[in-house]
Amino acid sequence: MVVSVDSTERSLQTAERYGLTFPLLSDSGREAIRQYGVIHSGSALDGTDIALPAHFLIDTDGRIVWRRVAVRVQDRPDPKEVLKAFGTALGPANK
Amino acid sequence: MPQLERSEEPDVRGKSGWPAAALSVLFALAGVPIYIWLMGVSSVRSSGWPAFLFLFLGSAFAVWQVRRFHTWAWRIAAGVNSTFLTLWTGAFFVFAALPKPSAAAHQLVSAPDFRLPDQYGQSVSLEASRKLGPVLLVFYRGHW
């Protein structure tokens, strides 16, 4: 699931534009963003707070088992790395 | 009969003139659209190496040509290419730098639960979702 400060309408536009089927959550109150420590103060063009690009993998017990927080705007983890972390989280029976 | 003056420059100066210098600038700047084209590859996106490669080669070549021919065409090309290399380095590393996240981002062990609306206005709970399987939670900048 993906979280940003975009409104529900904006998230719907994004989802339709790219054909995304997973949930795009709207955190306009910056609640989840703050809880996970990924707030980027004043970074929006209008001076409001937005989220730092970050990935957290959460297992079924609610533990964060893998994470990546971007250092620069263009940093994103390699999809292979993400899939590998997923495989580990799903258990030894899965690749 | 008076001798006709040579109105054309000799071949060797033609090679060190504007067309070649202009081509070196185009070559250098081509690195940026090439970087954008290859941005799907995460190693390209994070390092920006195609743009750096073309900008550096274009700059180095132009500087070498300046040392060989001392023409204004090559001096300008070298200046333009190095300027763009500097601007790109600045944009890619300095301007793109993000602030450090708060301690929570690296120290949290237990994922805080939340309930937020999805793109259809439906309430989604992290706790309910993760019970079905591991959840990849991605924060993104959105339309800033």
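A:Val2 has B:Val138 in S3(B) as its bridge partner. The structure is a predicted model, in which local features need pLDDT of at least 70 and side-chain atom pairs count only at pLDDT 80 or more, while totals for chains, interfaces and linings use all residues. Residues are numbered from 1 along each chain as its sequence is written, and chains are lettered from A and ligands numbered from 1 in the order in which they are written.

Strands (E, at least two residues) and helices (H or I, at least four residues) are DSSP runs numbered from the N terminus, and two strands pair if DSSP finds at least two bridges between them. On this basis, five strands make up an open sheet of mixed pairing, ordered S2(A)-S1(A)-S3(B)-S5(A)-S6(A). Its edge strands, each pairing on one side only, are S2 (24-26) and S6 (64-69) of chain A. On average, and with direction ignored, neighbouring strands of the sheet are turned by 20 degrees against each other; axes are lines fitted to C-alpha atoms, for helices over the stretch in contact, and angles run from 0 to 180 degrees between N-to-C directions.

Helix H3 (residues 79-90) of chain A packs on this sheet, where it touches S5 (54-58) and S6 of chain A as well as S3 (135-139) of chain B. The direction of this helix makes about 20 degrees with that of S5(A). Contact between two residues requires that their C-beta atoms, placed from the backbone, lie within 7 Å.

Turning to the pairings within chain A, strand S1 (residues 2-4) pairs with S2(A) in the parallel sense over three bridges. A:Val3 has A:Leu25 in S2(A) as its bridge partner. S5(A) and S6(A), by contrast, run antiparallel and are joined by five bridges, with A:Leu57 opposite A:Trp66 in S6(A). These two strands form a hairpin with five residues between them, and A:Gly62 in the turn has a positive phi of about 85 degrees.

The interface between the chains brings 39 residues of chain B into contact with 55 residues of chain A. On the side of chain B that touches chain A, S3(B) provides the largest share, five residues. By class, this side has 24 nonpolar, ten polar and five charged residues; Ala, Val, Leu, Ile, Met, Phe, Trp, Tyr, Cys and Pro count as nonpolar, Asp, Glu, Lys and Arg as charged, and the others, Gly among them, as polar.
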